[in-house]
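Visitor: I'm new to this one. Could you walk me through it, feature by feature?

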Amino acid sequence: MVNAIPQIVIVGGGAGGLELSAQLGDRLGKKNKASVILVNDTLTHIWKPLLHEVAAGTLDSHEDELSYVALAKLHHFDFELGQLRSINRSERCIEVSYFDCLQKTPQIKLIFYDALVLAVGSITSDFNVPGAKEHCFFLDNLQQAEALQKDFLYSFMQPQADPKMKIEIAIIGGGATGVELAAELYYAAEQFHHYNLGIKDELPVHITIIEAGKRLLSAVPDPIANQVLQNFSNKNITIITEKKVTQVTKSGVYVNDRFIPTHFNIWCAGVRCADYLKNIGGLETTASNQIIVNKYLQTSLDPRIFAIGDCAAFRLPDGKLAPPRAQTAHQEALLLAKSFETYLKKQKLLKFYYQDHGSIISLSRPNAVGQITPQKGFTLGIRGKFARWVYALLYKYHQAILLGWWRTLLFSLSHWLTKPIRLRLKLH
Ligand SMILES: Cc1cc2nc3c(=O)[nH]c(=O)nc-3n(C[C@H](O)[C@H](O)[C@H](O)COP(=O)(O)OP(=O)(O)OC[C@H]3O[C@@H](n4cnc5c(N)ncnc54)[C@H](O)[C@@H]3O)c2cc1C
């Protein structure tokens with residue numbers, strides 16, 4: 001025991017870790033039943049499923065970013081800025097690196113735990129394709145999304161010698177992220193056109209989605225994928241399936257032996273966890289560095305260490321792993337918040353059951369397609385504005401856990417009221 005009260009340390013303040021910190025802070029931190037500490041490597045949180053909107057400029061991240069320091073105060077937990085480096089299981093502490101601004105040197109701090117929750121998320125896997133790292137944009141964090149937004153905007157502001165030239169974009173990976181990004185960039189290009197940016201008369205953008213699998217959106221049912229195809233059919237979007245990108249260069253991508261000239265390459269295929277997680281603290285990991293957890297979300301080799309969200313490998317009854325999605329991270333965070341509370345009352349930890357509540361693919365404002373499963377055995381196909389509204393509601397739910405329903409309502413209301421005076425997209 002580190003303190004008189006147990007110390008629960010959560011590393012990673014994303015879709016799962018931040019919801020867990022807020023709930024544990026309210027349930028245990030506030031009543032002094034446990035000390036809750038959140039460690040994150042950035043000062044602000046943005047919900048990761050919004051990153052494609054940030055990249056297209058359809059969402060200004062500054063309006064939606066939340067401060068960890070402020071949330072810690074609101075929800076009675078402590079916040080530590082830093083990056084997890086290693087776990088010392090015998091001493092029950094983690095090593096966290098940070099930059100000391102006074103000494104101007106990198107430093108390490110030790111944080112002791114009675115229970116540790118790893119919620120550090122995942123990164124995109126480039127499958128070691130030559131040139132991918134150097135010549136592709138990725139959407140793993142806010143900085144990367146903002147870098148793409150800037151370059152995309154600037155590309156519309158440059159003088160073009162050839163009035164017929166199109167900005168060529170390759171999106172590698174036709175899963176939900178790739179498809180939503182294509183829709184969002186296309187929408188942004190239309191809005192640039194509205195502001196007289198780029199070449200007049202014709203929309204100067206062409207997007208190619210390259211997918212190695214048989215069809216787009218392999219993880220969602222056929223009818224949803226078909227509706228997406230229908231939506232893309234009257235746009236400058238080309239879809240290549242059953243082909244792999246074998247090399248990326250400064251001026252384009254090789255799809256097998258065929259070269260496609262491009263101005264932007266965005267890698268959206270494949271999910272894995274960062275290399276430092278491989279056997280971190282001697283824990284058991286999968287080939288893609290996910291940490292293997294049991295039915296209580298405890299890591300397989302250490303019952304004091306838990307993992308949730310994209311970095312956790314939780315096996316479902318059908319043998320597959322729970323998908324790396326925000327709804328998985330959210331459900332695991334809810335379970336663990338309750339589970340710690342019961343555990344402190346000397347009762348057993350709770351078992352995790354994943355429930356797939358469906359998939360919604362955003363096709364930018366005001367459109368989306370999807371299927372929702374509000375109850376087991378009852379699935380509803382949705383599309384258009386209503387689907388987009390349900391899609392937005394998922395984010396509102398995340399916001400409400402962090403800010404409370406009243407603040408979320410006021411936040412949404414002020415956003416709606418100021419709509420007429422706000423720009424259609426970020427132009428700086
Ligand atoms: C563009 C895009 C669109 C998506 N759309 C959807 C969608 O529509 N629906 C859906 O269900 N899912 C979607 N996803 C997937 C979803 O975002 C993830 O499954 C979800 O965010 C995982 O939550 P998490 O808590 O595991 O990790 P994250 O939300 O990624 O959070 C991880 C946190 O850990 C921090 N961190 C990382 N490493 C360290 C370290 N070493 N030390 C300290 N802190 C660290 C990070 O800064 C971050 O705050 C999308 C993903 C992307 C990229």
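Guide: Let's begin with strand pairing: two strands pair if DSSP finds at least two bridges between them. In this predicted model, β23 (residues 358-362) and β24 (residues 368-375) pair in the antiparallel sense over five bridges. The names come from DSSP runs numbered from the N terminus, with helices (H or I) of at least four residues and strands (E) of at least two.

Visitor: Which residue of β24 is the bridge partner of Ile360?

Guide: That's Gly370. The hairpin of β23 and β24 has five residues between the strands, and Ser364 there takes a positive phi near 70 degrees.

Visitor: How should I read a positive phi?

Guide: Most residues other than glycine have a negative phi. Asn256 has a positive phi, near 50 degrees, and sits in the loop between β15 (252-255) and β16 (258-261). For Lys346, phi is near 65 degrees, and this residue belongs to the loop between α9 and β23.

Visitor: How is the protein chain divided into domains?

Guide: The bounds come from an automatic or database domain assignment. Here they give domain 1 (7-122 + 273-344), domain 2 (126-270) and domain 3 (359-421). The C-alpha centres of domain 2 and domain 3 lie 25 Å apart. Their contact takes 14 residues from domain 2 and eleven from domain 3, where contact means C-beta atoms, placed from the backbone, within 7 Å. On the domain 2 side, α7 (176-194) and α8 (222-232) each supply at least two residues, and α7 gives the most, with six.

Visitor: And what about a nonpolar core?

Guide: That is a set of buried Ala, Val, Leu, Ile, Met, Phe, Trp, Tyr and Cys residues joined through C-beta atoms within 7 Å. The largest one has 57 residues, and Val9, Val117, Leu118, Leu297, Ile308 and Leu336 touch the most other members. Helix α9 gives the most to this core, with six residues. Domain 1 and domain 3 both contribute, so the core lies between them. Apart from it lies another core of 56 residues, including Phe156 and Trp267.

Visitor: Which residues come nearest to the ligand?

Guide: Gly12, Gly14, Gly121, Gly309 and Arg325, out of 31 around it; a residue counts as near if its C-beta atom, placed from the backbone, lies within 6 Å. Helix α9 (326-344) supplies the largest share of this shell, three residues. Domain 1 and domain 2 each provide at least three residues of the shell.

Visitor: How does the shell split by class?

Guide: There are 14 nonpolar, 13 polar and four charged residues. In that scheme, Ala, Val, Leu, Ile, Met, Phe, Trp, Tyr, Cys and Pro are nonpolar, Asp, Glu, Lys and Arg charged, and the others, Gly among them, polar.

How values were computed
Residues numbered from 1 in each chain as written. Predicted model: local features only at pLDDT ≥ 70, side-chain atom pairs only at ≥ 80, totals over all residues. Contact = placed C-beta atoms within 7 Å. Buried ≥ 20, exposed ≤ 12 C-beta atoms within 10 Å, placed from the backbone.
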